[in-house]
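Subject: Handover of a structure

Hello,

Please look through it first and then read the notes below.

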Amino acid sequence: MSLSAELKDALRAFTANERVLLLTDFDGVLSDLIDDPRLSRIRDGSRAALTTLSTLPFTDVGIVTGRPLADILEVASPPAGVLVVASHGLEFLQTSPGDDIYKPTAADTEILDALSAFITPLAAVVPGAWIETKPAGMAVQTRLCEPDAGRQLLAIVGELPDHLTSLTIRGGKDVLEFSVSSATKGTAVTFLSELKETGNILFIGDDVTDEDAFAALPVTGIGVKVGPGETRAAYRISDTTDVTELLELLVELRTPAL
Ligand SMILES: [Mg+2]
């Protein structure tokens, strides 16, 4: 499938604004979903389009991801000038230099140790499951598990004991993340909207946590959901190939005529 006529019209209207902000998720949007997340890369066409967009006047581009900042910088190696918001809005790059890496407090560390004591033995007995350490929490990853076993594990770890219920839980595709921070991708959208002084925001995402971003969009914002599943986004595209097509169209529409 390629882009619908309605979406193309919306993009045309969007790019006609003086100042615009393009925000996009990374996994499953800029990069294809693969088994080993360390090998994810931005698709070539999407990278070229993002690079061009970020150099255009009054056009800001940002990647908003659940991955930790150090991790996303490694796999995405974002083009210079592209904003990066990591850990679901908890870590910002190029917004407040020197203060962009989250550091847990003593109380955070205590609860994260207790979380580890709860989930580590549960994940250890399920083949393929692993625990990813995040700056403000941990994620149980099951994408390499036998599907039923993976689902069962996430259901069990999702029932937190009483002493851990202050943690924020975020679900996704084959993952459950626990965090001492309640920041969401919606937090990131609101922050960047204020920072860049524009409500003309286009957000592209594919997963459950992107719904927080769609919900936070101002009325002048446009949400684009990649792939199947319920969404608050007004528009939908099929896959990462469509994302490249969308970004290339934005370049075409936004580039001043010679
Ligand atoms: Mg994603």
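Predicted model: local features only at pLDDT ≥ 70, side-chain atom pairs only at ≥ 80, totals over all residues.

The whole chain

The chain holds eight helices and eleven strands. Its radius of gyration is 19 Å, close to the 18 Å that the globule rule gives for 258 residues, so the chain is as compact as a globular protein of that length. Of the 258 residues in the chain, 51% are buried. The exposed surface comes to about 11900 Å², and carbon and sulfur atoms supply 55% of it. Among contacts between residues at least 6 apart in sequence, 57% join residues at least 24 apart.

The seven-stranded sheet

Seven strands form an open sheet with mixed pairing, in the order E4-E3-E2-E1-E9-E10-E11. Strand E4 (91–93) and strand E11 (235–237) are at the edges; each has a single partner strand, so one side of each is left without a neighbour in the sheet. On average, neighbouring strands of this sheet are turned by 20° against each other, direction ignored.

Strand E1 runs parallel to strand E2 (residues 59–64), and five bridges join the two. Two of the residue pairs can be named: Val 20 has Thr 59 in E2 as its bridge partner, and Thr 24 has Ile 63 in E2.

How many residues of E1 are buried? Five of the five are, so E1 is largely enclosed by the rest of the structure. The cover is on both faces: Val 20, Leu 22 and Thr 24 are buried on one side, and Leu 21 and Leu 23 on the other. As a general point, side chains in a regular strand alternate between the two faces of the sheet.

Helix H1 (residues 5–15) lies across E1, E9, strand E10 (222–226) and E11, and runs at about 115° to E11. Helix H8 (residues 240–254) also packs on the sheet, where it touches E1, E2, E9, E10 and E11. The direction of H8 makes about 165° with that of E9.

The four-stranded sheet

Another open sheet is formed by four strands in the order E5-E6-E8-E7, with antiparallel pairing. Here the edges are strand E5 (130–134) and strand E7 (168–172), each with a single partner strand, so one side of each is left without a neighbour in the sheet. From one strand to the next, the twist averages 20°.

E7 and strand E8 (residues 175–179) run antiparallel and are joined by five bridges. Within this pair, Gly 171 stands opposite Leu 176 in E8. Helix H4 (residues 106–124) lies across E5, strand E6 (137–141) and E8, at about 10° to E6.

Most residues other than glycine have a negative phi. His 88 has a positive value, near 55°, and Glu 197 has one of about 50°. His 88 lies in the loop between strand E3 (83–86) and E4, whereas Glu 197 is in the loop between helix H6 (185–195) and E9.

Are these two residues buried or exposed? His 88 is buried, with a relative accessible area of 4%. Glu 197, at 69% relative accessibility, counts as exposed.

Regards

Terms used. Residues numbered from 1 in each chain as written. Heavy atoms only, no water. Pairing = 2+ DSSP bridges. Axes fitted to C-alpha atoms, helices over the stretch in contact; angles between N-to-C directions. Contact = heavy atoms within 4.5 Å. Rg over C-alpha atoms; globule rule 2.2 N^0.38 Å. Buried < 20%, exposed > 50% of the residue type's maximum accessible area, 1.4 Å probe, protein only. Areas by Shrake-Rupley, 256 points an atom, 1.4 Å probe, with all protein chains shown as cover.
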